[in-house]
Amino acid sequence: MFKNSTNTVMRNYAKSSFKVSKKLGILGVPFSKGQGKTGVDLAPDFLRENGLLTMLSKCNVSISDYGNLKYESHVTSEDNFVYKRIKNYSEFMACNKALIPRISEILNENDMFLILGGDHSIGFGSVAGHLMHTPNLSLVWVDAHADLNLHSTSYSGNIHGMPVSLLLKELRKYWLQADLYQFAPKW
């Protein structure tokens with residue numbers, strides 16, 4: 001244990017006295033189209049290049065780095081007719097449709113996973129993929145915002161404010177044209 005400058009006692013769990021080895025799968029998702037700021041897509045590579053994997057390896061975990069998610073987006077003029085108020089809807093769906101099965105694959109090989117994003121619109125695919133692998137999963141969503149906006153209630157059209165609304169069965173009726181039942185958990 002050590003004390004920080006405000007005299008709060010903190011524990012350093014990285015150097016525990018017991019040995020518990022876990023397998024951690026890491027996947028980068030350099031997606032930035034859920035919001036309007038540039039640069040968030042650079043985070044996965046930046047974190048790797050600046051020592052994240054070295055730091056995590058000191059926590060008694062075996063790390064498998066799966067690189068960055070690759071996906072193809074086929075945007076056409078007919079795309080997003082129903083969800084026309086959402087910016088970059090087709091790209092968002094393409095990324096998350098590719099992410100969901102990757103999470104399940106990574107969890108089949110590891111005890112836990114870590115997603116390096118990108119903006120947090122990828123929270124939908126991250127959680128949906130975990131739910132596909134572990135249906136009785138409990139989730140605590142900690143964020144400055146609830147991320148429960150709907151396509152019809154969002155002022156900005158940025159889908160990074162909507163991932164939780166896509167996950168909740170109580171709000172699924174608002175996303176019927178998204179065909180979530182084809183690739184996301186079924187409630």
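Let me start with a term: a residue is buried under 20% relative accessible area, exposed over 50%, and partly exposed in between, using a 1.4 Å probe and protein chains only. Keep that in mind for two residues later on.

Now, the model. It is predicted, so local features need pLDDT of at least 70, side-chain atom pairs count only at pLDDT 80 or more, and totals for chains, interfaces and linings use all residues. Residues are numbered from 1 along each chain as its sequence is written, and side-chain values use heavy atoms, with hydrogens and water left out.

First, the overall picture. The protein has five helices and five strands. Helices here are DSSP runs of H or I with at least four residues, strands are runs of E with at least two, and both are numbered from the N terminus. Read from that end, the order is β-β-β-α-α-β-α-β-α-α. Of the 187 residues, 39% are buried. The accessible surface is about 11400 Å², and carbon and sulfur atoms hold 55% of that. Those areas come from the Shrake-Rupley method with a 1.4 Å probe.

Contacts next. Contact means heavy atoms within 4.5 Å. Take the contacts between residues at least 6 apart in sequence: 66% of them join residues at least 24 apart.

Now look at one helix pair. H3 covers residues 89-109, and H4 covers residues 123-133. Their axes come within 7 Å and cross at roughly 40°. That makes H3 oblique to H4. Oblique is what remains once angles under 35 degrees count as roughly parallel, over 145 as roughly antiparallel, and 65 to 115 as roughly perpendicular. The crossing of H3 past H4 is right-handed, with the near helix turned clockwise from the far one by less than a right angle.

Who meets whom? On the H3 side, the residues include Phe-92, Leu-99 and Ile-103. On the H4 side, they include Phe-124, Ala-128 and Met-132. By class, this contact has eight nonpolar, eight polar and no charged residues.

Last, two backbone angles. Most residues other than glycine have a negative phi. Asn-88 has a positive one, near 60°. Asn-88 lies in the loop between strand S4, residues 61-68, and H3. Asp-147 also has a positive phi, near 55°. Asp-147 is in the loop between H4 and helix H5, residues 163-167.

Which of our opening classes does Asn-88 fall into? Asn-88 is partly exposed, because its relative accessible area is 32%. Asp-147 counts as buried, because its relative accessibility is 4%.

Methods. Axes are lines fitted to C-alpha atoms, for helices over the stretch in contact, and angles run from 0 to 180 degrees between N-to-C directions. Ala, Val, Leu, Ile, Met, Phe, Trp, Tyr, Cys and Pro count as nonpolar, Asp, Glu, Lys and Arg as charged, and the others, Gly among them, as polar.
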